[in-house]
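Biologist: I'm new to this one, so please take me through it feature by feature.

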Amino acid sequence: MLMKKGAEARLFLEEWHGRKVIMKKRLPKKYRLPQLDERIRSYRTLHEPQLMHQSKEAGVPTPTIFLVDVKEANIVMEFIEGEQVKKILHTLTTEERRKLCNHIGVSIGTLHNHGIIHGDLTTSNMILTPHEKIVFVDFGLGEFSTELEARGVDLHLMKRVFQSTHYDCVEDGFEAVWTGYAEAVGEESAGDVSKKIVEIEERGRYIRREET
Amino acid sequence: MSCCLGIESTADDFSVGILSFDGEVLANVTSTYISESGGIHPREAAQHHAKNVGIVLREAFREAGMRPGDIAVVAFSQGPGMGPCLRTGATAARALASYLDVPLVGVNHLIAHIEIGKLTTGAKDPVTLFVSGGNTLVSAFDAGRYRIFGETLDIAIGNCIDVFAREAGLRPKERMPVAAMVEALASRGRILIPLPYTVKGMDLSFSGLLTAATDLLHEGRHPLEDLCYSLQEGVFSMLTEVTERALAHTEKTEVLLTGGVAANARLQSMLKIIAEEHEARFCVVSKQFAMDNGAMIAWTGILAYQHGLKVPIEKSFIKLKWRVNEVDVPWMD
């Protein structure tokens, strides 16, 4: 059963050897040349399970991987019962929201401490389970990196999700993410990342062209 | 008939547009600074603009068949852009508004691109991909503002192509930007050379790809045609990927492509495919209104003025890094 038609992949909810699983299929993109398309899809299919495994080891819950088919760009993984954080964030009280966002921040910090960059930190990629665990999904755009730039970009994305999707709770929401993040990585690292985010936000518009 | 005169001067173009309040373009005249040595030198561009203010204004009035006294509002691009260029346009706008004793309106350059695109293509509420020499932005309207869904994390797409072209020895000619030369060369490319492909969420990075492409160029093992082809395929696939993600996320029913790079046929064909797959209408802004132009400033000035937004001369400072999501757009509600 097709569960989600994302821009990057389709998620099917299936029965697989008696388990409820998610089958993630990266279908070919017609707009890309076939050689380029194949390269990107197989790269992401191969890297995503590695990142998910490392995250689990670092203590940040991710779905269990059952099968990886690089050639077909397919991944079979555990289905996580719960709600997308995106869908419930606005239903919470300020206090609950702060707690949840703080937890998210701690998880992101933990990933970064272990050299894992999620690459697509949106509230749709976090699932709150009935046991109050936050499971991170969709590592397709992630990478292994300890660079400040990568960490800054990761959190810049998270911040922008609050500004574009949760603009009614940017203040307490992202603030709490940030507090949690700083708890996990330490004040000094958090300060460096914070400076990096400011730098990233100032880039990308009128760049310094080669001055002659 | 009430008319607004708009002055655009964020980068290498100095342009004046005159529009009637009901959206008819009466004049749109541009003078472009062409650098001999490569890239835009902001101060030299500003000197070019200052020298051409009178000429462009006179030509715009002639094209519209109007006299300065017929203007009811003066609008100018207040940012984002290059300081010296913005200041030149702002100075001209302030002088004109003060001389004519009419209201002055400061306009966000990026919002002006979206608004003129909507006016000229009939789009109502699109996901916009704005691609130019200075900007790369995926934006859509939500709750009172144009929100930023994706943008470049380092250099702009047009800048990436221009720098590569200049490294390859291409030089712009009148009416023939180097990007058009790259497009022509790419259409004869056959072999796809692997280059970095960097999408981060809905954001993009082009600098790694530019460095890799430039290194390969200097190695001299690949024909320039193949390098242009590989560069274009890579960067346009990245742009299309993030636009598709924004489209899937917002569930809008229109895709608007604008900016100087919008003229590229390959980029257009890629975006058309994703628009069709999401059952959205695909709109490309014509070259005259996709490049930086005064008409877009005049039109956005009209929209803002009609919603009571104007700026006193003493507060009309330019805003070098004015982001679109900082601007209220009451005319969309």
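Biologist: Where is the place of Pro80(B)?

Modeller: Pro80(B) sits in the loop between β4 and α2 (83-100) of chain B; helices (H or I, at least four residues) and strands (E, at least two) are DSSP runs, numbered from the N terminus. The bond joining Gly79(B) and Pro80(B) is a cis peptide bond, with omega about -5 degrees. Keep in mind that this is a predicted model, where local features need pLDDT of at least 70, side-chain atom pairs count only at pLDDT 80 or more, and totals for chains, interfaces and linings use all residues. Residues are numbered from 1 along each chain as its sequence is written, while chains are lettered from A and ligands numbered from 1 in the order in which they are written.

Biologist: Is strand β4 of chain B largely enclosed or exposed?

Modeller: A residue is buried if 20 or more other C-beta atoms (placed from the backbone) lie within 10 Å of its own, exposed if 12 or fewer, and partly exposed in between. In β4(B), residues 71-79, eight of the nine residues are buried, so the rest of the structure largely encloses this strand.

Biologist: Which strands pair with β4(B)?

Modeller: Strands pair if DSSP finds at least two bridges between them. β4(B) pairs with strand β1 (residues 3-8) of chain B in the parallel sense, over five bridges. Another five bridges join β4(B) to β5 (residues 104-108) of chain B, also running parallel. Ala75(B) is a handy one to click on: its bridge partners include Gly6(B) and, in β5(B), Val105(B).

Biologist: How do I read two helices such as α6(B) and α7(B), and at what angle do their axes cross?

Modeller: Two packed helices are described by the angle and the distance between their axes. The axes (lines fitted to C-alpha atoms over the stretch in contact, with angles from 0 to 180 degrees between N-to-C directions) of α6(B), residues 207-219, and α7(B), residues 224-250, come within 11 Å and cross at roughly 170 degrees. These two helices are therefore roughly antiparallel, the word for angles over 145 degrees; under 35 counts as roughly parallel, 65 to 115 as roughly perpendicular, and the rest as oblique.

Biologist: Which residues of α6(B) and α7(B) meet?

Modeller: Contact here is C-beta atoms, placed from the backbone, within 7 Å. Leu209(B), Ala213(B), Leu216(B) and Leu217(B) in α6(B) meet Leu227(B), Leu231(B), Gly234(B) and Val235(B) in α7(B).

Biologist: Which residues have the most contacts inside the largest nonpolar core?

Modeller: A nonpolar core is a set of buried Ala, Val, Leu, Ile, Met, Phe, Trp, Tyr and Cys residues joined through C-beta atoms within 7 Å. The largest has 156 residues, and Val74(B), Cys160(B), Leu239(B) and Ala298(B) have the most contacts inside it. α7(B) gives this core the most, 11 residues. Setting aside neighbours within four places in sequence, Leu239(B) is in contact with residues including Leu129(B), Ile157(B) and Leu267(B).

Biologist: How many residues of chain B are in contact with chain A?

Modeller: 39 residues of chain B are in contact with 31 of chain A. Again α7(B) gives the most to the chain B side, with six residues.

Biologist: Is Asp138(A) buried or exposed?

Modeller: Asp138(A) counts as buried, with 23 C-beta neighbours inside 10 Å. It has a positive phi of about 60 degrees although it is not a glycine. Glu251(B) also has a positive phi, about 55 degrees, but counts as exposed with 10 C-beta neighbours inside 10 Å.

Methods
Two residues are in contact if their C-beta atoms, placed from the backbone, lie within 7 Å.
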